[in-house]
Each structure stands twice: as C-alpha cells, then as structure tokens.
Amino acid sequence: MTDATPAPRARFSLIGPGIVVAATGVGAGDLVATLVAGSKYGYALLWAAVVGAVVKAALAEGAGRWTLASGRTLFDGWSSLPGAIGTRGAKLNWATAYFALYVVIWGFVYGATAMTASALPLAALFPALDLKTWGVINGLIGLGLVWFGGYGLFERVMAALVGVMFVTVVGLAVIVAPDVPRLLTGLWPTLPPGSAFYTLGLIGGVGGTITMAAYGYWLNAKGWKGPEWMATMRLDNRVAYVVTGVFVIAMLVVGAELLHAGGVALAGGDRGLLDLDRVLRERFGPVVSVMFLIGFWATSFTSLIGVWQGVSLLFADFWAHMTDRTADEAARGQHSRAARGYMLWLTFPPIALLFLDRPFALIVAYGVLGSLFMPFLAGTLIWLLNSGRTPPQWRNGWLSNGLLAAAALLFAVLAGKEIAGLF
C-alpha cells in the first residue's frame with residue numbers, strides 16, 4: 001500500500017465502487033419492470049424486489065472478495081478454469097471463449113440500446129432534436145468522459161447522477177403518498193395468481209448486468225487491493241445495494257399508488273417511462289414532469305457510462321491475456337489501447353443500429369448470450385470461491401454458497417424463459 005492510499009479503517013469516507021456497480025445495473029428498463037409490478041400487483045411483490053437486491057449484493061460481494069483475496073482479476077480466474085479449447089498451449093477455455101463471444105455481440109447491440117434509452121427523456125425535454133441525434137450525443141459524451149477522465153472523475157460523476165436519481169425517485173414516492181401499513185404487508189412473501197415468472201423476473205432483473213463482474217476492477221482502480229480492504233469492500237457493497245433497494249421500493253410505491261389505483265398500463269421497455277411522465281404531468285404539473293425526465297436521463301446515463309468504463313476494463317484484461325501483455329494492460333487500465341478500442345466498439349458501430357432496423361439474427365444472439373451471463377457469473381464464482389485458487393479463510397461459507405447457488409438457479413430459469421421467448 002502506498003502512502004497516498006487511505007487507511008482501510010477510514011471506511012465511511014471511502015464508499016464508491018459499490019455505488020458505481022449498483023447504479024450501472026439499475027437501468028430505465030429495470031425501473032419500468034418495477035413500475036409494472038406495482039401497477040399489476042400493488043405491494044404484493046415488494047418482497048421479491050428486496051430478495052433481488054440481496055441476491056445482487058451476494059454476487060457483487062463474491063466478485064469483490066475474489067479480487068481482494070486472490071490478488072487476481074475475475075478474467076484471470078476464468079482463464080484458470082479447465083477445459084482448454086484448441087491445441088496445446090491454447091489461451092482459450094470454455095469460460096473465456098464464452099466471454100469473448102459475449103462481449104463482442106452484446107457490446108454492439110447494447111451500445112445502441114443504451115444510447116436510445118438515454119436519448120428518450122432528452123428528446124421529450126428538447127424535441128428540437130430527434131431521438132437518433134440525442135442518442136449519438138449521449139454516446140459521444142459518454143465516450144469522451146471515460147476516454148479522457150480517470151476513475152476518480154468517473155466515480156464523482158456517477159455519485160452526482162445517483163444523487164439526482166435518489167432525489168427524483170424517492171421524491172416521487174413521497175409525492176404519491178404511500179400507504180405505509182399496506183406497503184409493509186408486501187414484505188411477506190406471496191404469489192398473486194399468474195405472477196410466478198413475473199416474480200422471478202423482478203428478483204433477477206433489478207441491478208444485474210455484466211458490470212457486476214467489473215466490481216473487482218473498480219476496486220483496484222480505487223486503490224483497494226489486498227485482504228485488508230475486505231471489510232471496507234463489504235460495507236461499500238451493502239450500502240450500494242441498500243440504496244438500490246430504496247430505488248426499487250420507491251418505484252414500486254409509484255406503480256402501486258399512481259398506476260395500480262388508476263388502472264394505468266405502461267408500454268414495454270424504456271418507453272414505459274414516457275407513459276409515466278404523461279401521467280405525472282396530468283396529475284402534478286410540468287415541474288414534476290421535468291424533474292422526473294431528468295431523473296430518467298440520469299438513470300439511463302449511469303448505465304451507459306458504467307458499461308463504457310467497466311466492460312472496457314474487462315475487455316482489456318481479456319485482450320491482455322490473449323496477447324501476453326497482462327502487466328502492461330493492467331498498468332494502463334482504462335487508458336490502454338484495448339480498453340479504448342472497446343470504448344470505440346461500444347460507440348461507433350452501434351450508431352448504425354440507431355438508423356437501421358436491427359437484424360433479427362443479431363438480436364437473437366444478443367438475447368441468448370445476455371440471458372446466460374448471470375448464471376455464468378454465479379456459477380463461476382461458486383467454482384472459484386470454493387477452490388484452492390482462493391485462500392482458505394476467504395472461501396465461501398454456507399451462506400455465500402446458498403445465495404450464489406440460488407442466484408445461479410434463478411438466472412438459469414430466467415435464461416431458459418428468455419431463450420424460449422426469442423424463438
């Protein structure tokens with residue numbers, strides 16, 4: 001530890017990477033899913049949203065614990081698993097080959113998706129520019145931020161946007177005046193008729209993306225390295241997913257009080273938030289509407305820049321392993337050639353998808369690979385954290401194994417449902 005690195009005991013002043021990973025995982029689509037849950041079932045599925053936050057916290061804690069305890073990156077862990085592909089000395093195994101395929105196809109489609117989601121509220125606020133133009137502007141701003149700025153600037157921007165999200169989302173929940181006794185009844189697990197798969201989706205969908213795998217990379221970028229930072233990391237992770245839980249509960253309140261009571265239905269996907277904006281404008285006036293659209297943009301843009309920064313670090317680590325330049329790539333981090341190359345991949349090729357109908361085959365591949373990532377992450381963490389690759393004192397206990405196994409099973413079921421739906 002260098003002299004410039006703060007002591008681990010100064011914990012409350014150091015919270016950061018957890019908020020980054022949690023905010024990146026909560027996108028506009030997740031807020032819509034929670035709103036729809038509230039509009040369909042009132043507070044009945046509140047417990048599922050809370051369980052979802054606990055499951056994601058366990059996954060992020062596993063990724064962070066692996067990095068701090070082993071001193072190795074998550075991709076390094078994947079590359080150590082058996083199952084080499086090709087001839088003697090091949091650099092790919094089943095895990096790294098899946099990641100390589102995933103990160104290329106998923107990144108191409110996600111780039112267009114993230115730019116569109118960030119553009120929707122801005123096009124509603126400033127209709128002089130169309131949706132595609134706003135999408136390109138958001139992509140270029142995100143690229144510039146992660147290209148030229150370091151982790152410190154990135155974290156500060158994310159923290160500011162989370163503040164905007166918090167004020168907006170919690171403020172909406174306060175405005176619609178929740179029925180607190182009825183809200184508390186939603187903590188008791190129940191399954192309304194026809195809600196089984198919807199409940200699984202709510203547990204699995206809020207706050208979970210590939211950027212959970214980037215948590216360890218952000219810990220390193222923050223300067224938290226080694227087991228002595230374990231308690232700090234765990235506090236950081238808990239605080240982050242408490243905040244995520246508050247977001248989820250607040251949006252469920254809005255769905256239950258504003259939409260369920262009024263029988264209002266939302267469009268699917270990110271555009272459902274524009275339907276909510278119209279309801280807010282009619283009921284509360286333009287000031288609340290504008291504040292909500294700003295919060296909508298902050299939610300979408302945190303996901304955009306989180307992926308641009310975090311997944312680029314993952315890709316750089318993959319490229320370093322493939323080219324035997326691990327030390328050089330690790331030293332340069334987000335400013336390495338590989339990381340910057342992936343940032344460009346996330347930005348410019350996807351712009352074409354903003355102006356073209358997306359090819360069906362590409363969307364199917366995106367859906368299949370994306371649905372399989374979370375069970376892949378949970379399963380490989382169980383493997384790594386129960387093996388000799390992890391020092392004995394930091395291996396999984398019964399609680400960690402139980403939560404990660406539950407996550408793997410949950411996401412496997414959701415993956416099967418998603419893949420079946422694609423065909």
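Predicted model: local features only at pLDDT ≥ 70, side-chain atom pairs only at ≥ 80, totals over all residues.
Close-up 1. The largest cavity holds about 50 Å³ of space, and the second largest cavity about 30 Å³.

**Close-up 2. Lining of the largest cavity.** The residues that line the largest cavity are Leu31, Thr168, Val169, Met251, Leu273, Phe292, Gly295, Phe296 and Thr299. Two or more of the lining residues come from each of helix H7 (151–175) and helix H13 (286–323), and H13 provides the largest share, namely four residues. Divided by class, this lining comprises six nonpolar and three polar residues, with no charged residue.

**Close-up 3. Lining of the second largest cavity.** Around the second largest cavity, the lining is made up of Ile19, Ala22, Ala23, Val162, Ala240, Val243, Thr244 and Phe247.

Close-up 4. Threonine 390 is placed in the loop that lies between helix H16 (360–385) and helix H17 (398–422), and it counts as buried because its relative accessibility is 0%, where the cut-off for buried is under 20%. The side chain of threonine 390 reaches the backbone oxygen of leucine 384 at 2.8 Å. When its neighbours within four places in sequence are left aside, threonine 390 is in contact with Trp66, Ala69, Leu384, Leu385 and Arg395.

Note on methods. Residues numbered from 1 in each chain as written. Heavy atoms only, no water. Buried < 20%, exposed > 50% of the residue type's maximum accessible area, 1.4 Å probe, protein only. Polar contact = N/O pair within 3.5 Å; in protein donor to acceptor, adjacent residues only side chain to side chain. Contact = heavy atoms within 4.5 Å. 1 Å grid on protein atoms, 1.4 Å probe; cavity = no way out; pocket = protein on both sides within 12 Å on 5 of 7 lines; lining within 4 Å. Points joined across faces, edges and corners; volume = space filled by probe spheres on them. Nonpolar A, V, L, I, M, F, W, Y, C, P; charged D, E, K, R; others polar.
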